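Dear colleague,

Please find the structure below, followed by an account of what was found in it. I would be grateful if you could read the two side by side.

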Amino acid sequence: MNKLLALTALVAMLPACLIYTDSTPSGDYYDPGPDVVIDYNAAPQMLDAQAGCFWDRRLQDDVWYFDATADDADGPYDIVEMWADVYDDITGELIESFELVPTEDPYLWSVEYMASSVYIDCWYPWYSVDFVAIDAYEAWDSLLVYPETY
């Protein structure tokens with residue numbers, strides 16, 4: 001009996017928690033008023049993307065290019081990152097990821113790499129590239145393309 005009384009006293013001393021809801025106890029909707037700002041973030045939308053190889057005579061090397069256009073309902077400057085993930089379609093393995101950089105056009109992101117400096121081959125036809133746009137609130141969209149190879 002003393003153990004039960006001690007356990008009851010111990011449980012009574014435990015901290016309680018409060019639960020906040022958007023309605024009043026009667027079930028009516030609670031309006032927080034004009035001072036409370038409810039933020040809404042729109043996810044970016046991938047519009048177009050291209051990837052592939054070309055021969056650069058000046059460099060005497062193949063060059064991989066990754067270009068993508070994306071928009072965001074919150075404005076194109078809400079997009080803070082763009083990636084191109086290259087997969088081997090035969091094995092499903094992620095081969096390499098490339099971070100694209102913004103250009104003077106706020107909708108266009110692009111990057112180029114010399115083929116001799118990356119792990120992807122311009123002569124291998126079974127790649128897919130997953131372009132991913134990420135905004136300031138980490139919402140994202142993606143677009144899958146097949147690169148132009150030789």
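**Surface and overall make-up**

The protein chain exposes about 10,700 Å², of which carbon and sulfur atoms supply 58%; accessible areas come from the Shrake-Rupley method with a 1.4 Å probe, and for residues only the protein chains shown count as cover. Please note that this is a predicted model, in which local features need pLDDT of at least 70 and side-chain atom pairs count only at pLDDT 80 or more, while totals for chains, interfaces and linings use all residues. Residues are numbered from 1 along each chain as its sequence is written, and side-chain values use heavy atoms, with hydrogens and water left out.

Of the 150 residues of the protein chain, 32% count as buried (under 20% relative accessible area, with exposed meaning over 50% and partly exposed in between; 1.4 Å probe, protein chains only). Helices (H or I, at least four residues) and strands (E, at least two) are DSSP runs, numbered from the N terminus. Among contacts (heavy atoms within 4.5 Å) between residues at least 6 apart in sequence, 60% join residues at least 24 apart.

Twelve bridges join β1 to the antiparallel strand β2 (residues 61–72). Gly52 stands opposite Tyr65 in β2.

**The disulfide**

A search of the whole structure finds one disulfide (a pair of cysteine sulfur atoms within 2.5 Å). Cys53 and Cys122 form this link, with their sulfur atoms 1.9 Å apart. The angle about the S-S bond is -75 degrees, and the link is left-handed. Cys53 lies in strand β1 and Cys122 in the loop between β6 (108–114) and β7 (127–135), so the pair ties together parts that are 69 residues apart in sequence. Both Cys53 and Cys122 are buried.

**The nonpolar core and the aromatic residues**

The largest nonpolar core has 25 residues, of which Trp64, Phe66, Leu100 and Phe131 touch the most other members. At least two residues of this core come from each of β1, β2, β3 (79–88), β6 and β7. A nonpolar core is a set of buried Ala, Val, Leu, Ile, Met, Phe, Trp, Tyr and Cys residues joined through side-chain atoms within 4.5 Å.

The whole structure holds nine aromatic pairs. Rings of Phe, Tyr and Trp (its six-membered ring) pair if their centres lie within 6.5 Å; planes under 30 degrees apart count as stacked, over 60 as edge-to-face and the rest as tilted. The ring centres of Trp64 and Tyr127 are 6.1 Å apart and the planes stand at 80 degrees, so this pair is edge-to-face. Trp64 belongs to strand β2 and Tyr127 to strand β7, so the pair ties together parts that are 63 residues apart in sequence. Trp64 and Tyr127 are both buried. Tyr124 and Trp126 also form an edge-to-face pair, because their ring centres are 5.4 Å apart and their planes are at 75 degrees. Tyr124 is partly exposed, with a relative accessible area of 21%, and Trp126 is partly exposed at 46%. Ring pairs link Trp64, Phe66, Phe98, Tyr113, Tyr124, Trp126, Tyr127 and Phe131 into a cluster.

With kind regards

Note on methods
Pairing = 2+ DSSP bridges.
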